[in-house]
Amino acid sequence: MEENKLIAEFMGFPKQQDAVDDRTIAYYVGESILWTDNTDNENEYDVFHPDDMQFHTSWDWLMPVIEEIDHLQFEPIESIEKALFTRSIRDTHKAVVEFIKQHNDEQNKA
């Protein structure tokens, strides 16, 4: 999932070689950032391929990203706040991805 890769890179997760396919990149998400169980994952503990990441399905994964966004901004991000108000993880994930894309575009222009 390309959006999970985008979020992983925004969060600064270190890249690692995927245990299943050495041509593929996986990311070390780290215990200090979020807790997750990867017993079904063939990578090392806390190492996930983007397809196995759960930013789009788990609040435990998505909320640390929102906290990181909050640390970057002096004002709340309206689109993310509106999405959180709906309590829809789908809407919130979409707002987070859109923010990261916009943030990356602004960083590339600078």
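## Overall architecture

Read along its sequence, the protein follows the pattern α-β-β-β-α-α-α, which amounts to four helices and three strands in this predicted model. The protein has 110 residues, of which 40% count as buried, and its accessible surface comes to about 7,300 Å², with 45% of that area belonging to carbon and sulfur atoms.

Among the contacts in the protein that link residues at least 6 apart in sequence, 49% join residues that are at least 24 apart.

## The sheet

The three strands form an open sheet in the order β1-β2-β3, and the pairing is antiparallel. Its edge strands are β1, covering residues 15-17, and β3, covering residues 47-48, each of which pairs on one side only. In general terms, the strands of a sheet pair through backbone hydrogen bonds, in either a parallel or an antiparallel arrangement.

Between β1 and β2, the latter comprising residues 25-28, the antiparallel pairing extends over three bridges. On the β2 side, Ile25 is the bridge partner of Gln17.

## Helix α1 and its cover

Helix α1 spans residues 2-11, and its buried residues are Asn4, Leu6, Ile7, Ala8, Phe10 and Met11.

After α1 comes Gly12, a residue whose phi is positive, near 80°.

How values were computed. Residues are numbered from 1 along each chain as its sequence is written. This is a predicted model: local features need pLDDT of at least 70, side-chain atom pairs count only at pLDDT 80 or more; totals for chains, interfaces and linings use all residues. Side-chain values use heavy atoms; hydrogens and water are left out. Two strands pair if DSSP finds at least two bridges between them. Helices (H or I, at least four residues) and strands (E, at least two) are DSSP runs, numbered from the N terminus. Buried means under 20% relative accessible area, exposed over 50%, partly exposed in between (1.4 Å probe, protein chains only). Contact means heavy atoms within 4.5 Å. Accessible areas come from the Shrake-Rupley method with a 1.4 Å probe; for residues, only the protein chains shown count as cover.
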